[in-house]
Amino acid sequence: MQQQQLLQARLMKCLSCSHSHLPLPPPPPPPFSSLQRFASSQPKGVAKVILKKGKTQLFKDGSPMVYSGAIDRIIGRPPPKTGDIVLVADGTEKPIGWGLYNSVSMFCVRLMQLEEEATRDPSCALDMEKLLETRINAAVELRRGLGLPSATTNAYRLVNSEGDRLSGLIVDVFGDLAVVASSAAWVEKYKSKVKACISSIDEINHIHWRPSVEILKEEGMDAADLKELHPSTCPQRTKVIENGISYAISLEGQKTGFYADQRENRMFLSTISYGQRVLDVCCYSGGFALNAAKGGAMSITGVDTSLPALELARENIALNNLDPEKTSFLREDATVFMKGALSRNDSWDIVILDPPKLAPSRKER
């Protein structure tokens, strides 16, 4: 009996040893990506941008700008060109999303849709024109849900670049006029589709295209290519209303002609200005100054270097029948003015300082 148990133990040991030398089964293949499946059906193929280790989560969390330092390698022959659709993948080459490639910009890819989104709704996968249509329609519905436009506000930002997940595209609406600010090469490539989507909005009758030339040069675009082939028929000036205040706008002015993204801040200022002395530095066409005046400010001083902007500001005071004696607009450099105010011990109850870019280009940074 003891001998039988000993033989059994030796047999089990031998079986155990022989089993340990067997090769391990290969790991199961990763689940096939929806985007990979869509890409494989494309006639020209789609290049794949592989991210460095540890960089993936940043873009999964929502950052749309894939900078060159985050990229490990690019798979695809021939290599992608500016404006091409590419997959963006993690270190295992599994796609996390897709976007638009730029061979020159510090932002090599602007992510447009994540893998999870493409799985839930494949209608826009790797289809930029369809995605544009979907995102602009969503932006319109969002603004309608916020009551825009309305009887008291017909100037508002319709598309807010990354805020509406169309990085590089801004659209401001001024009554029946839409001003498009383009600051990405992909926007220029899809210009006709952007215009078509905006033209389909009921209240829009005119579109003014305004490329950000210096930024687009950094995107690898030639300034000559940014000129409109056909002269714009849009009026160079228009009038709008925001929170019940009327404004004359010049489309030749800064940015889109009006800082539509400051609407809520301007309205807030009107609620705290009663009886206050207000200074509006870099006042442009008087957006904050007018709200301070409407709110009952004791006095308002606006400072700007642009004579056309100050002329608009004075015109806007008259347009709203506000007391011109309470508001003064000075043409002066903001830094020089503030240094002078400091030396004179001047003071105000409320100061608004909304300067232009202090470093407008990479070289100046």
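Author: A cavity is a set of points, on a 1 Å grid over the protein atoms alone, where a 1.4 Å probe fits but cannot get out. Lining residues have an atom within 4 Å of a point. Grid points are joined across faces, edges and corners, and a volume is the space filled by probe spheres set on the points. The model is predicted, so local features need pLDDT of at least 70 and side-chain atom pairs count only at pLDDT 80 or more, while totals for chains, interfaces and linings use all residues. Residues are numbered from 1 along each chain as its sequence is written, and side-chain values use heavy atoms, with hydrogens and water left out.

Two cavities reach 30 Å³ or more. The largest cavity has a volume of about 70 Å³. Its lining includes Thr82, Gly83, Leu100, Tyr101, Arg110, Trp186 and Glu219. Strand S5 (95-101), strand S6 (107-114) and helix H6 (185-189) each give at least two lining residues. Helices (H or I, at least four residues) and strands (E, at least two) are DSSP runs, numbered from the N terminus. By class, this lining has six nonpolar, four polar and two charged residues. Here Ala, Val, Leu, Ile, Met, Phe, Trp, Tyr, Cys and Pro count as nonpolar, Asp, Glu, Lys and Arg as charged, and the others, Gly among them, as polar.

The second largest cavity holds about 30 Å³. Val140, Arg143, Arg144, Leu148, Pro149, Tyr156, Leu158, Ile201 and Glu203 line it. Helix H5 (128-145) and strand S7 (155-160) are the elements that give two or more of these residues. H5 has the largest share, three residues. The classes here are six nonpolar, no polar and three charged.

Trp186, from the lining of the largest cavity, is among the residues with the most contacts inside the largest nonpolar core, along with Met128, Leu132, Leu169 and Ile198. A nonpolar core is a set of buried Ala, Val, Leu, Ile, Met, Phe, Trp, Tyr and Cys residues joined through side-chain atoms within 4.5 Å. Buried means under 20% relative accessible area (1.4 Å probe, protein chains only). This core has 37 residues. H5 gives the largest share of this core, six residues. Leaving aside neighbours within four places in sequence, Met128 is in contact (heavy atoms within 4.5 Å) with Ile85, Trp98, Leu100, Met112, Leu166, Trp186 and Tyr190. Leu100 is one of the residues that line the largest cavity.

Another core, of 28 residues, lies apart. Leu177 is among them. Leu177 also sits in strand S9 (residues 177-182), where six of the six residues are buried, so S9 is largely enclosed by the rest of the structure. Both faces are covered: Leu177, Val179 and Ala181 on one side, Ala178, Val180 and Ser182 on the other.

What pairs with S9? Strand S8 (residues 169-174) runs antiparallel to S9, joined by six bridges. Strands pair if DSSP finds at least two bridges between them. Val173 stands opposite Ala178. Strand S10 (residues 206-211) runs parallel to S9, again with six bridges. There, His208 is the bridge partner of Val179. The hairpin of S8 and S9 has two residues between the strands, and Gly175 takes a positive phi near 65 degrees.

Terms used. 1 Å grid on protein atoms, 1.4 Å probe; cavity = no way out; pocket = protein on both sides within 12 Å on 5 of 7 lines; lining within 4 Å. Buried < 20%, exposed > 50% of the residue type's maximum accessible area, 1.4 Å probe, protein only.
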